[in-house]
Amino acid sequence: DPETNREQLPLQLILGDGSIYPLGGKFYIADRQVNPNTGTLQIGGIFPNPSLLLRPGQYARVRAQTETMTNVFLIPQRAVAEVQGTYHIAVVDKENKAHVLEIKPGAQVGPNVVVNESAVTDDKAKLHPGDRLIVEGIEKAKEGMTVTPQPLTTTNMAEARP
């Protein structure tokens, strides 16, 4: 029942200084009208305030977990190449050979994209946990070509950003 699930929706309050309010809140009410000027929907939540840390007129952001996904892959968006409306990733096998897989990307989560295993369109070439992905130079990867993989570190990740 969507009504019951909505009432159990946990809310997290992010204060103006970026800190997380220690007590979780819960959904209270939602306006059924979308504001035509902003395209937003007003939603109300309730947070306990025993130490009176929250004050009227205080600005904060609210984060709500709207969905939990299981058995999916979360891969860097930049490991996905788009060619004429199809999306591809390249995995590296044990012999350092590249294999190009067609995928159907799902929701974007920060700099990553969700790929559901069932979204991989080729049954012969599926994405598996622990697969090594080509993140830099995906556009140069060809099926069966030998590559020299290097682990992605925070150092070379920062160097590779435009």
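A residue is called buried when its relative accessible area is under 20%, exposed when that area is over 50%, and partly exposed in between, as judged with a 1.4 Å probe and protein chains only. By this rule Tyr 21 and Phe 47 are both buried. The model is a predicted one, in which local features need pLDDT of at least 70 and side-chain atom pairs count only at pLDDT 80 or more, while totals for chains, interfaces and linings use all residues. Residues are numbered from 1 along each chain as its sequence is written, and side-chain values use heavy atoms, with hydrogens and water left out.

The protein contains two helices and eleven strands, where helices (H or I, at least four residues) and strands (E, at least two) are DSSP runs numbered from the N terminus. Along the sequence, their order is α-β-β-β-β-β-β-β-β-β-β-β-α. Of the 162 residues in the protein, 22% are buried.

The largest nonpolar core has ten residues, among them Phe 73, Ile 89, Leu 101 and Val 113; such a core is a set of buried Ala, Val, Leu, Ile, Met, Phe, Trp, Tyr and Cys residues joined through side-chain atoms within 4.5 Å. Strands S5 (72-76), S7 (86-92), S8 (98-103) and S10 (112-116) each supply at least two residues of this core. In soluble globular proteins, nonpolar side chains tend to be buried together. His 128 lies in the loop between S10 and strand S11 (132-133), and is partly exposed because its relative accessibility is 43%.

The whole structure holds one aromatic pair, meaning rings of Phe, Tyr and Trp (its six-membered ring) with centres within 6.5 Å, called stacked if the planes are under 30 degrees apart, edge-to-face if over 60, and tilted otherwise. The rings of Tyr 21 and Phe 47 have centres 6.4 Å apart and planes at 75 degrees, so this pair is edge-to-face. Because Tyr 21 lies in the loop between strand S1 (10-15) and S2, and Phe 47 in the loop between strand S3 (41-46) and strand S4 (60-64), the pair ties together parts that are 26 residues apart in sequence.

Tyr 28, by contrast, is exposed, because its relative accessible area is 55%, and this residue belongs to strand S2 (residues 25-34).
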